[in-house]
Amino acid sequence: MAKELDSCPFCQSLDISLENFGVGRHRGFHGHCNDCGADGPIGDDSDEASDRWNTRYDKKKRGDGHGPRRG
Ligand SMILES: [Zn+2]
């Protein structure tokens, strides 16, 4: 089951989904804001991605997400 995801740190949207990408060993998951396009830090599975999205401020140095896409 999917965990609850906190609101987007950039636009406060609650429309956050978990996306997976890649294949095999390179597969990863991250939280994605459907409003502004921000991506959260990547996790090896959906649980890890959820945790990283929700704790992005606490673990700022480990985060590799990015803000809204422009243009
Ligand atoms: Zn957003």
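**Close-ups of a zinc site and its surroundings**

The structure holds zero disulfides, counting as a disulfide any pair of cysteine sulfur atoms within 2.5 Å. This is a predicted model, where local features need pLDDT of at least 70, side-chain atom pairs count only at pLDDT 80 or more, and totals for chains, interfaces and linings use all residues. Residues are numbered from 1 along each chain as its sequence is written, and side-chain values use heavy atoms, with hydrogens and water left out.

**View 1. Four cysteines hold the zinc ion.** The SG atoms of Cys-8, Cys-11, Cys-33 and Cys-36 coordinate the zinc ion at 2.3 Å. Donors here are N, O and S atoms within 2.8 Å of the metal (3.2 Å for Na, K and Ca); water is not among the atoms, so sites may look incomplete. The angles between the four donor atoms run from 103 to 115°, so the arrangement is tetrahedral (for four donors, all angles must lie between 85 and 135 degrees).

View 2. Strands (E, at least two residues) and helices (H or I, at least four) are DSSP runs, numbered from the N terminus. Cys-8 is buried at 1% relative accessible area, Cys-33 at 0% and Cys-36 at 17%. Buried means under 20%, exposed over 50%, and partly exposed in between (1.4 Å probe, protein chains only).

**View 3. The largest nonpolar core.** Its seven residues are Leu-5, Cys-8, Ile-16, Cys-33, Cys-36, Ala-38 and Trp-53. Such a core is a set of buried Ala, Val, Leu, Ile, Met, Phe, Trp, Tyr and Cys residues joined through side-chain atoms within 4.5 Å. Skipping neighbours within four places in sequence, Ile-16 is in contact (heavy atoms within 4.5 Å) with Leu-5, Asp-6, Cys-8, His-32, Cys-33, Asn-34 and Trp-53.

**View 4. Asp-39 meets His-32.** Look for Asp-39 in the loop between β2 and α1 (46-54). Asp-39 is buried, at 7% relative accessibility, and its side chain makes a polar contact with the side chain of His-32 (2.5 Å). A polar contact is a pair of N or O atoms within 3.5 Å; within protein, one must be able to donate a hydrogen and the other to accept it, and residues adjacent in sequence count only if both atoms are side-chain atoms.

**View 5. Gln-12 has a positive phi.** Found in the segment before β1, Gln-12 has phi near 65°. Most residues other than glycine have a negative phi. Gln-12 is exposed, with 53% relative accessible area.

Technical notes. Four donors count as tetrahedral if all angles lie between 85 and 135 degrees; four count as square planar and six as octahedral if opposite donors are over 155 degrees apart and all others between 65 and 115; anything else is irregular.
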